[in-house]
Amino acid sequence: MPAATRRLTRLRRGLSLLEAVAALAIVGATSAGVLAATGAGLRTATRARHVVEADALATEVYARLSLASDAALRALPDSLAGGQFPAPFTDYAWRATVRPHGEWAGLMTVDIEVQWRDGAHRLSSALYRRAPAPAPAEEGS
């Protein structure tokens with residue numbers, strides 16, 4: 001084998017090793033990117049699950065508040081102002097506030113916040129309670 005051919009063969013061997021190292025670097029960088037994207041996707045899915053569960057729990061608290069009497073809504077008892085959810089939702093706690101809406105009699109603003117270890121979800125809505133009718137005047141007095 002001539003000397004020039006031997007030099008080319010040695011050069012090709014070196015390039016093959018260099019190509020293998022470059023390919024490994026590309027595969028490593030791509031793998032790191034895929035793992036980062038997968039981790040972000042899992043965190044997003046977990047957050048979405050918490051928000052969906054928290055929204056359903058907040059809606060349940062709102063339903064409880066909508067069944068409460070006017071007196072209970074004006075002076076919110078501890079059982080309606082906040083608490084911990086029963087199993088299997090023991091990771092969630094809630095707080096509720098009810099306040100008059102302002103110029104409209106009987107309209108109240110309801111704010112419910114459901115919290116978990118890494119976040120919180122807020123539900124704001126309104127409740128309307130018809131103002132009590134005035135007592136009828138006594139006849140014959």
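Colleague: What makes strand β2 and strand β3 a pair, and in which sense do they run?

Modeller: In this predicted model, eight bridges link β2 (residues 93-100) with β3 (residues 107-116) in the antiparallel sense. Two strands pair if DSSP finds at least two bridges between them, so β2 and β3 count as a pair with their eight bridges. One of the bridges joins Trp94 to Val114 in β3; Pro100 has Met108 of β3 as its bridge partner.

Colleague: What lies between β2 and β3 in the hairpin?

Modeller: Six residues lie between the two strands of this hairpin. In the turn, Gly102 has a positive phi of about 135°.

Colleague: How do you know that β1 and β2 pair?

Modeller: Three bridges join these antiparallel strands. The cut-off is at least two bridges, so β1 and β2 pair as well. In one of the bridges, the partner of Gly83 is Trp94 in β2.

Colleague: Which order do the four strands of the open sheet take?

Modeller: The order is β1-β2-β3-β4, and the pairing is antiparallel.

Colleague: Why is one side of β1 and of β4 left without a neighbour in the sheet?

Modeller: β1 (82-84) and β4 (119-128) each have a single partner strand, because they stand at the edges.

Colleague: By how much are neighbouring strands turned against each other on average?

Modeller: The average for this sheet is 15°, with direction ignored.

Notes: Residues are numbered from 1 along each chain as its sequence is written. This is a predicted model: local features need pLDDT of at least 70, side-chain atom pairs count only at pLDDT 80 or more; totals for chains, interfaces and linings use all residues. Side-chain values use heavy atoms; hydrogens and water are left out. Axes are lines fitted to C-alpha atoms, for helices over the stretch in contact, and angles run from 0 to 180 degrees between N-to-C directions.
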